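Here are a few friendly notes to read alongside the model. Take them one at a time, with the picture open.

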Amino acid sequence: MKKLLLSVCAFSLTLATLQAGEITKYVNPFIGTGAIDGGLSGNNYPGATSPFGMIQLSPDTSEAPNWGDASGYDYNRSTIFGFSHTRLSGTGASDLIDVTLMPTSSGRTSSTFTHDEEKASPGYYQVMLKDENINVELTTTQRNGIHRYQYPAGKDAEVILDMDHSADKGSWGRRIINAQIRILNDHAVEGYRIITGWAKLRKIYFYMEFSSPILTSTLRDGGRVHENTAVVNGTNLHGCFRFGKLNGKPLTCKVALSSVSMENARQNMEQEAPHWDFDRYMAAADADWEKQLGKIEIKGTEVQKEIFYTALYHTMIQPNIMSDVNGEYMAADYTARKVGDNETHYTTFSLWDTFRASHPLYTLLEPERVTDFVKSMIRQYEYYGYLPIWQLWGQDNYCMIGNHSIPVITDAILKGIPGIDVEKAYEAVYNSSVTSHPNSPFEVWEKYGFMPENIQTQSVSITLEQAFDDWCVAQLAEKLNKDADYERFHKRSEYYRNLFHPKTKFFQSKNDKGEWIEPFDPYQYGGNGGHPFTEGNAWQYFWYVPHNIQALMELTGGTKAFEQKLDTFFTSNYKSEQMNHNASGFVGQYAHGNEPSHHVAYLYNFAGQPWKTQKYVSHILNTLYNNTSSGYAGNDDCGQMSAWYVFSAMGFYPVNPADGRYIIGSPLLDECTLKLAGNKDFHIRTIRKSPEDIYIQSVTLNGKKHKDFFITHQDIMNGGTMVFKMGKKPSGWGK
């Protein structure tokens with residue numbers, strides 16, 4: 001506890017020293033960056049980025065980031081190995097970590113640092129490199145990273161460029177295929193690298209400029225060293241650029257990236273970063289974030305604001321812009337293509353995570369961006385044959401299961417998001433549901449009516465998740481009057497029934513002969529293959545029939561049996577010897593640290609016991625999130641863990657992320673206003689006498705009593721006011 005309090009104090013001091021906007025001042029980028037006392041953290045990073053930007057400019061505290069520090073940064077470490085321009089936020093696996101710079105006066109490639117001399121806010125990061133007393137400041141535009149280095153008086157200014165530094169080369173077969181560093185003149189350097197890893201065959205081009213002239217340089221490929229040479233090619237490239245003594249003047253470096261070419265990187269800089277005023281870039285980044293985060297205005301305690309706005313910030317770090325200012329991007333077939341005018345191509349779709357809450361949140365706050373997200377997914381279908389599973393830097397890495405572009409696209413269309421070619425979208429959704437690909441052998445699916453474990457591992461989890469995806473296809477087919485398709489996919493959406501064991505009352509695996517696979521232990525965890533369940537167990541996956549909860553209750557034995565099973569789920573503390581490292585944040589068998597559990601607390605509403613939903617949602621909000629480096633109960637997973645908090649703190653959550661309904665929980669905030677399209681506002685007001693008032697006594701929507709345990713997307717988008725009256729004891733509301 002003492003260590004936790006010290007961390008909170010340190011964070012508060014860090015935030016208090018920054019000049020920021022009225023909302024950005026509440027964002028604490030250090031939340032979720034490092035575990036405390038053996039817990040989990042979130043795998044977030046503290047560095048500079050712009051909303052949904054291509055650049056994530058942040059320190060790397062590991063020479064080779066991997067699973068435990070996938071973002072490249074761990075708050076518990078005290079050495080920095082450079083500042084890279086790309087990374088992932090909150091994932092369990094590491095990748096990107098491209099184009100790494102390190103300022104030095106003596107050729108050093110690392111330095112110690114302390115949190116006492118480290119600061120961060122949206123779009124800005126600062127740290128003092130202790131070994132040589134070099135102050136580093138970072139900020140960004142959408143496609144550019146801006147560095148400002150202050151060297152000690154009388155010391156030489158040097159910058160190391162490391163094109164070999166990456167995530168761990170022992171993972172995913174990662175290796176550099178080719179790279180180049182080219183010195184264009186005494187102020188400009190460009191280059192590229194082609195690297196394969198979690199995302200296959202990525203091409204990263206850069207163009208950089210310095211505010212002071214390069215006096216001498218060294219380029220190196222492994223042991224091959226060249227002094228004052230214009231270009232080097234190879235697979236283990238480093239550059240050292242020397243600027244002499246700058247007499248107290250800072251050195252500014254601008255770095256633009258592109259997935260297409262060095263020329264495009266140069267154009268990205270020319271349009272977004274034409275000047276040398278670091279403070280102007282920093283102020284512009286803060287203003288961008290102020291505008292983004294201002295789409296939700298809240299009233300609550302200072303700590304609630306810090307956690308809420310940091311969570312909202314984490315949802316807006318990705319998906320990431322991939323197209324250049326001229327509209328070009330590297331397509332899934334490795335060709336350079338171009339989007340239309342006023343369009344943007346995006347990547348980083350962690351869909352197994354983000355389809356649940358992040359993407360529904362975007363339909364409320366980012367409808368225009370949702371259009372580009374959907375178009376970006378459809379472009380993969382056009383060049384690749386099916387929609388993204390987990391897309392990174394334009395390539396599918398097939399991480400996780402399901403086909404969860406489908407609910408994202410279906411949800412956008414059913415909610416009336418403008419600018420989407422609905423027939424084209426349906427073509428992509430349909431073909432992605434009949435064209436077999438890794439973890440989706442559809443000929444097996446339709447032959448057996450489930451996934452047999454001896455043919456397709458992770459069979460139970462895939463059966464449950466694919467059934468939901470098929471329900472989404474059916475809804476889209478129904479909207480477009482495609483009756484035969486509707487019947488086909490509606491039938492497939494009920495395949496989950498074929499793995500329900502009537503005696504154990506769990507979903508269990510079968511083989512291709514239709515035989516139950518024994519022995520069966522509902523507490524035993526699976527990972528990402530070799531087991532019927534994905535990063536969870538039979539208890540956690542039991543609840544994944546979000547499209548037909550009434551049928552799930554009937555299978556369980558009725559409403560009362562369903563409620564009792566939920567009670568056992570939230571109170572049974574038995575732990576299997578075979579756990580999965582993603583399982584964390586426990587409330588009984590409920591594991592908030594991973595996505596399969598995220599909707600379950602809201603299911604009590606369907607069983608006529610909304611007060612129990614309120615009880616557990618309030619517990620999760622208040623105990624499994626905090627404002628320290630260990631602020632999340634598990635990996636943030638590109639903002640999904642954060643999106644759960646944002647929705648739940650407002651008072652509702654999308655249990656079925658494609659049916660346009662938000663299931664009511666227990667609002668945390670005193671007031672909340674969503675700034676919506678068409679200059680409309682949706683106000684949420686919570687009346688309570690004390691923080692212990694977690695139970696809903698009554699709800700009104702636009703002045704009228706609201707007895708349903710949900711509100712619709714259209715209710716919110718119409719604008720209006722929702723008022724919760726809370727109390728210390730459960731009431732009959734919502735039954």
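At roughly what angle do the axes of helix H16 and helix H17 cross?

1. The axes of H16 (residues 610-623) and H17 (residues 640-650) cross at roughly 125° and come within 11 Å. Axes here are lines fitted to C-alpha atoms, for helices over the stretch in contact, with angles from 0 to 180 degrees between N-to-C directions. Helices are DSSP runs (H or I, at least four residues), as are strands (E, at least two), numbered from the N terminus.

2. A word on the source: this is a predicted model, where local features need pLDDT of at least 70, side-chain atom pairs count only at pLDDT 80 or more, and totals for chains, interfaces and linings use all residues. Residues are numbered from 1 along each chain as its sequence is written, and side-chain values use heavy atoms, leaving out hydrogens and water.

3. Now look at who touches whom. From H16, Val-617, Ile-620 and Leu-621 meet Trp-644, Tyr-645, Ser-648 and Ala-649 of H17 (contact means heavy atoms within 4.5 Å).

4. Finally, find Tyr-125 in strand S8 (residues 124-129). Tyr-125 counts as buried because its relative accessibility is 0%. Tyr-309 is 184 residues from Tyr-125 in sequence and 17 Å away in space, C-alpha to C-alpha.

Terms used: Buried means under 20% relative accessible area, exposed over 50%, partly exposed in between (1.4 Å probe, protein chains only).
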